[in-house]
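Reader: I am new to this structure and would like to know what stands behind the words used for it. Please show it to me, and then I will ask about the terms one by one.

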Amino acid sequence: NYSCQIRYRTQDVLDGNAGAFYCAQDLIDDNVIITDCDNYFEDNEFFIKIKKYFTESDADLTVGVSTVDTPSKYAIIKTDEDRPIDIFEKPKDNSLGTLAKSGVLILKKKVAQLDKKISKIGEEYTTTQIVKYCIENDYNVNLFKMNFNDIGTWEEYNKVFFRK
């Protein structure tokens, strides 16, 4: 039993992953989990574990993170020990580290109800910018270390499901 309620809206304008989230912002009346659709989790208890971590830490925002081999494919979180101090979208090299935002966030209601403009970069609204805003504005942001599989391409999908 995951004890969750699922409500949804469709994203009529493709304006970023946070743009999709903000389409349903008026439905939010509690803490909320955002997850990218191209993440695959082998751990059936994953959402229970991250929710417990979020609740026990009293975070405003919990970000699922994982160490990756190719930082240029992900948003990389720069840390001071385990504390996030910045986030960079798809850096060119490993100089910022290899700790990637997985695409799973849990937001307290007060963060989820912030104005959409906090997430805008260029013409898109991104969850990376939500994380950046929270770090820069001293919200309690913590990191949940996890394993995730990005299955956003056929090659990645085949590696996960057919072990090729």
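**From a loop to the cores and pockets**

Author: Let us begin with Lys-90, which is found in the loop between strand 5 and strand 6. Before going on, please note that the model is predicted: local features need pLDDT of at least 70, side-chain atom pairs count only at pLDDT 80 or more, and totals for chains, interfaces and linings use all residues. Residues are numbered from 1 along each chain as its sequence is written, and side-chain values use heavy atoms, with hydrogens and water left out.

Reader: What makes a stretch a helix or a strand here?

Author: Both are DSSP runs, numbered from the N terminus: a helix is H or I over at least four residues, and a strand is E over at least two.

Reader: Why does Lys-90 count as partly exposed?

Author: Buried means under 20% relative accessible area, exposed means over 50%, and partly exposed is in between, using a 1.4 Å probe and protein chains only. Lys-90 has 44% relative accessibility, so it counts as partly exposed. Its phi is positive, about 45 degrees, although Lys-90 is not a glycine. For background, most residues other than glycine have a negative phi.

Reader: Why does Glu-81 count as exposed?

Author: Glu-81 has a relative accessibility of 71%, and therefore it falls in the exposed class. Glu-81 also has a positive phi, near 65 degrees, and its place is in the loop between strand 4 and strand 5.

Reader: How do you know that strand 4 and strand 5 pair?

Author: The rule is that DSSP must find at least two bridges between two strands. Strand 4 and strand 5 have six bridges and run in the antiparallel sense. They form a hairpin with two residues between them.

Reader: What about strand 1 and strand 6?

Author: These two are antiparallel and joined by four bridges, with Ile-33 standing opposite Ile-106 in strand 6.

Reader: Why is Phe-21 called buried?

Author: Phe-21 has a relative accessible area of 10%, and therefore it is buried. Phe-21 lies in helix 1. Leaving out residues up to four places away in sequence, Phe-21 touches Ile-28, Val-32, Ile-34 and Ala-112, where contact means heavy atoms within 4.5 Å.

Reader: What makes a group of residues a nonpolar core?

Author: A nonpolar core is a set of buried Ala, Val, Leu, Ile, Met, Phe, Trp, Tyr and Cys residues joined through side-chain atoms within 4.5 Å. The largest one here has 26 residues, and those with the most contacts inside it include Phe-21, Leu-107 and Ile-130. Its largest share, four residues, comes from helix 4. Another core lies apart from it, with 14 residues, among them Phe-41 and Ile-76.

Reader: Why is helix 4 said to be largely enclosed by the rest of the structure?

Author: Eight of its ten residues are buried, so helix 4 is largely enclosed. One of the buried residues is Gln-129, with a relative accessible area of 16%. Apart from neighbours within four places in sequence, Gln-129 is in contact with Ile-118, Ser-119, Lys-120 and Ile-121.

Reader: What makes a space a pocket?

Author: On a 1 Å grid over the protein atoms alone, a pocket is an open set of points where a 1.4 Å probe fits, with protein on both sides within 12 Å along at least five of seven lines; lining residues have an atom within 4 Å of a point. Grid points are joined across faces, edges and corners, and the volume is the space filled by probe spheres set on them. The largest pocket holds about 1400 Å³ and is lined by 34 residues. Helix 2 gives the most to this lining, with five residues.

Reader: How does the lining of the second largest pocket divide?

Author: Ala, Val, Leu, Ile, Met, Phe, Trp, Tyr, Cys and Pro count as nonpolar, Asp, Glu, Lys and Arg as charged, and the others, Gly among them, as polar. By that rule the second largest pocket has four nonpolar, four polar and six charged lining residues. Its volume is about 340 Å³, and helix 5 gives the most to its lining, with four residues.
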